[in-house]
Amino acid sequence: MSENNENEYDFDEMVRRAEASGERNIWLRVAAERLSIVRYVFLVQIEDGIPTAPQRAALEYADAVLIGWPDTDAEDVVDVQGDELRVITGHVKMMEEYISRFRECERENNIDGMTDVLIRISEQVAEIRKRFQPGFPLPTFAEIRRVVQEEWDEDMDRIDPDSSGSASEVENESKAEDAEQRAGGQA
């Protein structure tokens with residue numbers, strides 16, 4: 001890292017170290033850990049309200065990328081080298097740049113920005129996973145977004161627009177229904 005900027009990485013040096021140590025698969029573990037942390041921070045930020053469809057989709061996409069995450073020595077994890085390792089470190093660099101943006105959005109309490117950046121981070125981690133585990137089927141964000149939007153639309157259609165949903169109004173409606181039933185039973 002440069003002394004001037006803590007977010008600036010010497011990726012050639014990172015590649016050399018990974019190759020020299022024999023830990024080329026370290027990026028597989030690092031990517032999962034970074035996405036897991038960002039996902040958790042995002043979840044904490046949106047848990048107080050009802051998540052919007054885009055927020056749900058961003059969270060679902062991060063979950064889909066992380067589901068069944070392999071160990072670095074798993075049978076279906078390939079050993080990456082040379083140019084492929086450079087491609088992976090490029091995705092790691094982009095992931096870290098997006099994480100910096102995510103932190104900025106968090107400081108600004110910009111949930112929409114955090115949502116967009118979580119998607120970008122998840123995309124980078126998905127690309128890293130594809131390089132290490134090429135046979136693992138990963139959905140795209142667009143696929144997840146479509147399914148989540150359909151579920152969201154169905155949920156919204158079930159909401160009664162005539163009911164405000166406040167506790168006192170629900171209680172009053174219940175009392176009125178009870179009174180109607182008693183009156184109907186006496187006739």
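**Close-up views of a predicted model**

**View A. The Gln55 side chain and the backbone of Thr52.** The side chain of Gln55 reaches the backbone nitrogen of Thr52 at 3.0 Å. This is a predicted model. Gln55 lies in helix H3, which covers residues 53-66. Its relative accessible area is 9%. Buried means under 20%, so Gln55 is buried.

**View B. Surroundings of Gln55.** Leaving out residues up to four places away in sequence, Gln55 touches Phe42, Ile46, Ile50, Ile111, Asp112 and Thr115. Among these, Ile111, Asp112 and Thr115 are also on the H5 side of the contact between H3 and H5. Phe42 belongs to H2 and takes part in the contact of H2 with H4.

**View C. Helix H3 against helix H5.** The axes of H3 and H5 (residues 111-132) come within 9 Å and cross at roughly 20°. Angles under 35 degrees count as roughly parallel, and H3 and H5 are therefore roughly parallel to each other. The crossing of H3 past H5 is left-handed. From H3, the contact takes in Pro54, Gln55, Ala58, Leu59, Tyr61, Ala62, Ala64, Val65 and Leu66. They meet Ile111, Asp112, Thr115, Leu118, Ile119, Ser122, Glu123, Val125, Ala126 and Arg129 in H5. By residue type, this contact divides into 13 nonpolar, three polar and three charged.

**View D. Helix H2 against helix H4.** Here the pair is H2 (residues 26-46) and H4 (residues 82-107). Their axes come within 11 Å and cross at roughly 20°. H2 and H4 are therefore roughly parallel to each other. H2 passes H4 in a left-handed crossing. H2 contributes Trp27, Ala31, Arg34, Val38, Val41, Phe42 and Gln45. On the H4 side are Leu85, Ile88, Thr89, Val92, Met95, Glu96, Ile99, Phe102, Arg103 and Glu106. The residues of this contact divide into 11 nonpolar, two polar and four charged.

**View E. Thr140 in the loop between H5 and H6.** Thr140 sits in the loop between H5 and helix H6 (141-158). How accessible is Thr140? Its relative accessibility is 39%, and Thr140 counts as partly exposed. The C-alpha atoms of Thr140 and Glu123 are separated by 8.3 Å. Along the chain, Thr140 and Glu123 are 17 residues apart. Glu123 is one of the H5 residues that meet H3.

Technical notes. Residues are numbered from 1 along each chain as its sequence is written. This is a predicted model: local features need pLDDT of at least 70, side-chain atom pairs count only at pLDDT 80 or more; totals for chains, interfaces and linings use all residues. Side-chain values use heavy atoms; hydrogens and water are left out. Axes are lines fitted to C-alpha atoms, for helices over the stretch in contact, and angles run from 0 to 180 degrees between N-to-C directions. Helices (H or I, at least four residues) and strands (E, at least two) are DSSP runs, numbered from the N terminus. Angles under 35 degrees count as roughly parallel, over 145 as roughly antiparallel, 65 to 115 as roughly perpendicular and the rest as oblique. A crossing is left-handed if the near helix is turned anticlockwise from the far one by less than a right angle, and right-handed if clockwise. Contact means heavy atoms within 4.5 Å. Ala, Val, Leu, Ile, Met, Phe, Trp, Tyr, Cys and Pro count as nonpolar, Asp, Glu, Lys and Arg as charged, and the others, Gly among them, as polar. Buried means under 20% relative accessible area, exposed over 50%, partly exposed in between (1.4 Å probe, protein chains only). A polar contact is a pair of N or O atoms within 3.5 Å; within protein, one must be able to donate a hydrogen and the other to accept it, and residues adjacent in sequence count only if both atoms are side-chain atoms.
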